[in-house]
Amino acid sequence: MSDAPQNPESHYERLQNLSALSSEAIIVLDLHGTITKADKKTLQIFGWENEQEVVGRKAVDFVAENDRENISQGFQKILVDGNITDLQCNIIKKDGTHLR
């Protein structure tokens, strides 16, 4: 296995393959918490028509107000530690209803 960095297309293809095989919703964020990719399962769960509705928006915008501080702290932990376990919150769907 090479230590050379992989090109972005390779990462995108791997994400597409993972998304196709997964029963879980997958959302990709940049280092600032901005959504860069949302798979079909995510769109279905949130009630969105297409990716353009969410790409470029902050993920925290879709978190219930009372959970935002906890989620923000969780994002910071991921940046420092590289991972986190058991981070839960209520999300806000397109129709305004909340989902845990």
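# A tour of the predicted model

Start with the largest pocket: select strand β1, helix α2 (40–46) and helix α3 (68–81), each of which supplies at least two residues of its lining. Helix α3 gives the largest share, six residues. The space in this pocket comes to about 880 Å³. There are 29 lining residues, and those closest to the centre are Leu29, Ala59, Ile71, Phe75 and Leu87.

Now zoom out and colour by element. This is a predicted model, with three helices and four strands. Along the sequence they run α-β-β-α-α-β-β. Of the 100 residues, 24% are buried.

Next, colour by pLDDT. The mean over the protein is 85, and 88% of the residues reach 70 or more. Which element has the lowest mean, and which the highest? Helix α1 (residues 8–21) has the lowest, at 70, and strand β3 (residues 91–92) has the highest, at 94. Where pLDDT is low, the predicted coordinates should not be read in detail.

Select Leu31, Leu79 and Val80, which make a nonpolar surface patch of about 340 Å². Leu31 sits in the loop between β1 (27–29) and β2 (35–38). Is Leu31 buried or exposed? Its relative accessible area is 67%, so Leu31 is exposed.

Move to Asp86, in the loop between α3 and β3. Its phi is positive, about 60 degrees, although Asp86 is not a glycine. Asp86 is exposed, with a relative accessible area of 65%.

Side chains of opposite charge can pair when their charged atoms come close.

- Select Lys94 and Glu53, whose closest N and O atoms are 2.9 Å apart. Lys94 is in the loop between β3 and β4 (98–99) and Glu53 in the loop between α2 and α3, so this pair ties together parts that are 41 residues apart in sequence. Lys94 is partly exposed at 45% relative accessible area, and Glu53 is partly exposed at 24%.
- Select Arg68 and Glu65, a salt bridge with its closest N and O atoms 3.2 Å apart. Arg68 is partly exposed, at 25%, whereas Glu65 is exposed, at 61%.
- Select Lys77 and Asp81, which meet in a salt bridge at 2.5 Å, N to O. Both are in helix α3; they are four residues apart, so about one helical turn separates them. Lys77 is partly exposed, at 38%, and Asp81 is partly exposed, at 44%.

Methods: Residues numbered from 1 in each chain as written. Predicted model: local features only at pLDDT ≥ 70, side-chain atom pairs only at ≥ 80, totals over all residues. Heavy atoms only, no water. pLDDT = per-residue confidence, 0-100. Patch = residues over 30% accessible without salt bridge, like charges linked within 9 Å, V, L, I, M, F, W, Y side chains within 5 Å. Areas by Shrake-Rupley, 256 points an atom, 1.4 Å probe, with all protein chains shown as cover. Salt bridge = Lys/Arg side-chain N within 4 Å of Asp/Glu carboxyl O. Buried < 20%, exposed > 50% of the residue type's maximum accessible area, 1.4 Å probe, protein only. 1 Å grid on protein atoms, 1.4 Å probe; cavity = no way out; pocket = protein on both sides within 12 Å on 5 of 7 lines; lining within 4 Å. Points joined across faces, edges and corners; volume = space filled by probe spheres on them.
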